[in-house]
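I opened this model to look up a handful of local features and to note each with the criterion behind it.

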Amino acid sequence: VSFSHLILEVNLDTEDVRTVADIDSTGLESIRGLLFDPDNNRLLVGDPVNDAVFALDLDTQAIDLISQEGVAGAGPVLGTVISLTGSPTASEVYVAGQASGTVTRVNLETGDRETLATSCNLGDSSTFDGLDQVLLNEAASEILIRGDRIYSLDLNTGECVTVPNYAFVLQIQNASANQLLAVSFGTLMQINRETGEIVIVSK
């Protein structure tokens, strides 16, 4: 679990909480976005202040810089990292930049950055307004991009469609082929991806 200044480990059986890292003991300035890399026993961490992606070794707690404009890797700025996603076995991650309104593909070996080209209908804008989350659905080979709207981008065909949504949400997760789980203030809901119909799960 990540907060702006902490990474915590929660034992789901005992509910014990352990601090894994805090910004006072690392080179991090802030924490937004967290992804587990099991093959290397590390966490990939997004830092919006440094506008960079770091790796935190879970054995040694050492922090390594993966990608940052002008320092590690080539390509455009990330644009204030707000979220990152990827496959646990892949050599790349996708990063949402809140300030830039773009999604960037980052090579974990080289740190190189490439703006993800999309065919999404963004209206008068050339970037994603209110970009706040990217989420890989590996089974469907798609990326969900959440900002003022929710978009589904097919990574195989490049087709991008808008997912109907009639509620303000703070975070989404995949539930099934046609359902999303979403949280808002004090509410857990399920969203039908085809109709936008909402069912309150817990409030």
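**Ground rules**

I am working with a predicted model, in which local features need pLDDT of at least 70 and side-chain atom pairs count only at pLDDT 80 or more, while totals for chains, interfaces and linings use all residues. Residues are numbered from 1 along each chain as its sequence is written, and side-chain values use heavy atoms, with hydrogens and water left out.

**Entry 1: the sheet from β3 to β6**

I looked up the strands, which are DSSP runs (E, at least two residues) numbered from the N terminus, as helices are (H or I, at least four residues). Two strands are taken to pair if DSSP finds at least two bridges between them. An open sheet of four strands runs in the order β3-β4-β5-β6, and its pairing is antiparallel. Its edge strands are β3 (34-37) and β6 (63-68), each of which pairs on one side only. From one strand to the next the twist averages 25°, where axes are lines fitted to C-alpha atoms (for helices over the stretch in contact) and angles run from 0 to 180 degrees between N-to-C directions. I then followed β5 (residues 52-57), which is joined to β6 by five bridges in the antiparallel sense; alanine 52 stands opposite glutamine 68 in β6.

**Entry 2: the sheet from β15 to β18**

Another open sheet has four strands in the order β15-β16-β17-β18, with antiparallel pairing. Which strands stand at its edges? They are β15 (171-176) and β18 (198-202), and because each has a single partner strand, one side of each is left without a neighbour in the sheet. The twist here averages 30° from one strand to the next.

Strands β16 (residues 179-184) and β17 (residues 187-192) pair antiparallel over six bridges, and leucine 180 stands opposite isoleucine 191 in β17. Between β17 and β18 I find four bridges, again with the antiparallel sense, and the bridge partner of leucine 188 in β18 is serine 202. The hairpin of β17 and β18 has five residues between the strands, and in it glycine 196 takes a positive phi near 80°.

**Entry 3: aromatic pairs**

I searched the whole structure for aromatic pairs and found two. The criterion is that rings of Phe, Tyr and Trp (its six-membered ring) have centres within 6.5 Å, with planes under 30 degrees apart counted as stacked, over 60 as edge-to-face and the rest as tilted. Phenylalanine 128 and tyrosine 151 have ring centres 5.4 Å apart and planes at 65°, so this pair is edge-to-face. Phenylalanine 128 lies in the loop between β10 (113-115) and β11 (133-137) and tyrosine 151 in strand β13 (residues 150-154), so the pair ties together parts that are 23 residues apart in sequence.

Phenylalanine 168 and phenylalanine 185 form a stacked pair, 5.9 Å centre to centre with 15° between the planes. This pair links distant parts of the chain, 17 residues apart, with phenylalanine 168 in the loop between β14 (160-163) and β15 and phenylalanine 185 in the loop between β16 and β17. Phenylalanine 168 is exposed at 54% relative accessible area, and phenylalanine 185 is exposed at 65%.

**Entry 4: the disulfide**

A search of the whole structure gives one disulfide, defined as a pair of cysteine sulfur atoms within 2.5 Å. Cysteine 120 is joined to cysteine 160 with an S to S distance of 1.9 Å, and with 90° about the S-S bond the link is right-handed. Cysteine 120 lies in the loop between β10 and β11 and cysteine 160 in strand β14, so the pair ties together parts that are 40 residues apart in sequence. Both cysteine 120 and cysteine 160 are buried.

**Entry 5: serine 87**

Serine 87 is placed in the loop between β7 (81-85) and β8 (92-97), and at 10% relative accessibility it counts as buried. Leaving out residues up to four places away in sequence, serine 87 touches Leu136 and Glu138, a contact being heavy atoms within 4.5 Å. The side chains of serine 87 and glutamate 138 are joined by a polar contact of 2.9 Å. Such a contact is a pair of N or O atoms within 3.5 Å; within protein, one must be able to donate a hydrogen and the other to accept it, and residues adjacent in sequence count only if both atoms are side-chain atoms.

Notes. Buried means under 20% relative accessible area, exposed over 50%, partly exposed in between (1.4 Å probe, protein chains only).
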